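Chain totals come after that.

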Amino acid sequence: MNLAEKYKDEIADILSRYPVRRSALIPLLYLAQQENGFITEGAMIEIAGMLKLTPPQVYETATFYTMLNLKKVGKFHIQICKSLMCALVGSDTVIGWMKTKLGIGPGETTADGLFTLTAVECLAACGTGPMMQINDDYYERLTEEKVDRILADLRTTGTSSMKSGPFMWPDRAGARV
Amino acid sequence: MAAQKYELILLKNMSQPGYTGSLADYEQTGGYQALRKILGKVPPAEVTATVMKSGLRGRGGAGFPTGVKWGFLPKDYQGTRYLCCNADESEPGTFKDRQLMERDPHQLLEGIVLAGYAIGAESTYIYIRGEMVLGSRILEQALAEARKAGYVGKNILGTGVHVDIWVHRGAGAYICGEETALLESLEGKRGLPRVKPPFPATHGLYDKPTVVNNVETLANLPHIINRGPEWFASIGSPPKSTGTRIFCVSGHVKRPGNYEVPMGVTFRELIYDQAGGMRGEKPLKAFIPGGASAPFLTPEHLDVKLDFESVAAAGSMLGSGGVTIMEEGTSMVWAALRLMEFFYHESCGKCSPCREGSSWLVQTMRRIVAKQGRAQDLETLSDLCKNIAGRTVCAFGDAEVAPIMSTLKHWRQEYVALIHEAEAANLIKSIPVGARH
């Protein structure tokens with residue numbers, strides 16, 4: 001796969017934002033991750049070439065950040081907040097439901113490759129816990145019924161209306177979290 | 001939300017029914033008037049003086065006076081300067097910046113343009129935490145609107161002033177909320193805090209003079225310009241803690257959420273009046289006043305005022321404004337462990353005391369909570385904490401020991417009880433089975 005050809009316009013836009021090329025590294029790694037849900041070695045080498053960095057410089061940065069996946073993850077990456085604020089309002093119970101419903105523990109992926117479960121640290125939604133993030137979206141004030149609906153929605157349509165937002169878009173104007 | 005007792009400033013627009021955060025909505029509430037009033041009309045130094053006079057202090061955690069921070073930039077320097085908006089909101093218990101960005105993005109953008117103008121920064125970056133994908137999309141959408149309307153970019157409203165704004169997403173690292181780690185991350189590197197001095201004011205982004213300000217800090221600027229520094233300085237606990245703060249209430253209360261109140265109200269009022277009180281029958285046992293890095297406080301501290309000085313005098317800190325409430329029955333050792341696990345996960349690894357110490361602390365805490373503790377563990381904990389705090393490049397070292405130090409101080413007997421249980425179990429095990437009754 002060649003990022004430079006496939007994402008020509010996006011790459012040009014990203015590079016135009018910074019006076020020093022290396023600043024484009026994380027945005028480009030995100031772009032690469034968009035392809036397969038994780039960043040391949042080939043992509044890292046290609047990005048190194050674009051930014052005139054060495055591959056280890058790219059690898060050094062890529063391995064520091066938890067959101068950059070260097071290994072394959074499921075189609076839906078479920079990240080449940082386990083920090084104190086969510087734990088006070090039941091995040092351990094949510095992790096328990098998820099284990100039962102998906103048959104996997106944190107750090108594991110379902111056999112069909114659909115779901116990866118991770119217990120993560122604070123996602124800045126402490127007033128609406130327990131909560132989780134699935135791919136780009138937040139799901140807050142979780143109940144078992146809500147979790148069931150979200151999983152069913154994802155299985156059938158690939159997304160769920162239970163997610164937070166969007167707020168500025170006209171169709172959901174004024175909606176409150 | 002309860003009947004509004006105090007005037008909302010930052011959350012005012014979004015509390016209006018039907019307010020979408022669009023440019024049209026923002027303009028209708030008087031948005032971008034501060035920018036029209038200032039750009040090309042009032043000299044930048046005067047804007048800085050106004051902010052200084054307002055008494056505005058940083059809302060990210062450290063509470064440094066904003067105008068003073070701006071004043072540290074070298075006056076005679078002719079080259080490029082940068083402004084970074086710290087939107088890497090990651091302090092457990094804190095969720096105000098997310099709401100400010102998602103619900104009223106133009107309020108923040110106007111604040112950034114005003115700050116950029118005041119310090120002479122033509123390029124500004126919003127470093128938003130990577131997980132907040134929705135927030136970054138909303139900001140991009142708002143930026144497109146603002147650029148089109150001539151509020152952001154080159155030659156703003158024909159005044160000849162240039163301030164451009166770019167959204168830069170982080171990628172999941174708590175430490176990038178520390179301002180020099182944020183700069184490293186923005187430069188495409190691992191987010192390791194820099195040794196200071198030199199400070200960002202002289203050697204910041206790309207080694208150029210840089211100011212890093214929190215989202216809530218910047219969102220206050222249009223209001224200070226519109227209504228004057230005297231008005232702002234009259235709110236809260238003048239002279240040192242002026243204005244409102246958005247307190248993020250989480251945990252065992254009836255109505256968790258963001259509450260904007262003047263600084264100086266008491267914890268009692270915030271918890272029992274604003275947030276509706278405890279969620280059930282159980283009384284309050286403990287609370288964290290300012291995010292995970294702030295030492296725990298007890299019901300004895302309920303009448304402490306929510307301003308920088310009062311909370312510091314009570315032995316904690318106002319920090320990021322994240323107030324977490326815990327009811328009777330919550331194990332304080334368990335709570336400290338949960339926070340310690342957070343810090344262990346997020347230690348960047350640069351300084352040995354923090355990197356090794358956090359691992360040692362978490363292992364010791366896990367052992368105690370699992371009722372496998374040893375008599376000497378409490379001494380180990382205190383020793384480790386004392387050898388981490390103050391011995392690291394950034395304030396993370398001081399932060400990570402706060403939960404353990406403060407729970408050991410106020411609830412030592414809970415640690416002792418868990419260790420006694422472990423010792424009793426060991427004693428039983430040491431007696432040959434045949435000799436047990």
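For a pair I took rings of Phe, Tyr and Trp (its six-membered ring) with centres within 6.5 Å; planes under 30 degrees apart count as stacked, over 60 as edge-to-face and the rest as tilted. The model is predicted: local features need pLDDT of at least 70, side-chain atom pairs count only at pLDDT 80 or more, and totals for chains, interfaces and linings use all residues. Side-chain values use heavy atoms, with hydrogens and water left out, residues are numbered from 1 along each chain as its sequence is written, and chains are lettered from A and ligands numbered from 1 in the order in which they are written.

I looked at Tyr174(B) and Phe342(B). Tyr174(B) is in the loop between β3 (164-169) and α8 (179-186) of chain B, and Phe342(B) is in helix α14 (residues 332-346) of chain B; the pair links distant parts of the chain, 168 residues apart. Helices (H or I, at least four residues) and strands (E, at least two) are DSSP runs, numbered from the N terminus. I found both Tyr174(B) and Phe342(B) buried. Buried is under 20% relative accessible area, exposed over 50%, partly exposed in between (1.4 Å probe, protein chains only).

Next I took Phe267(B) and Phe287(B). The centres are 4.7 Å apart with planes at 45°, so this pair is tilted. Phe267(B) belongs to helix α12 (residues 267-274) of chain B and Phe287(B) to strand β9 (residues 284-288) of chain B, so the pair ties together parts 20 residues apart in sequence. Both Phe267(B) and Phe287(B) are buried.

I also noted one aromatic cluster formed by Tyr18(A), Tyr82(B), Tyr125(B) and Tyr206(B).

Then I checked charges over rings, meaning NZ of Lys or CZ of Arg within 6 Å of the ring centre and within 35 degrees of the ring normal. The charged end of Arg57(B) lies over the ring of Phe308(B), 4.0 Å from its centre. Arg147(B) has its charged end over the ring of Trp166(B), 4.8 Å from the centre.

Last, I listed totals for chain A. I counted eight helices and four strands, in the order α-α-α-α-α-β-α-α-β-β-β-α from the N terminus. The C-alpha trace spans about 50 × 40 × 35 Å along its principal axes. Of the 177 residues in chain A, 53% are buried.
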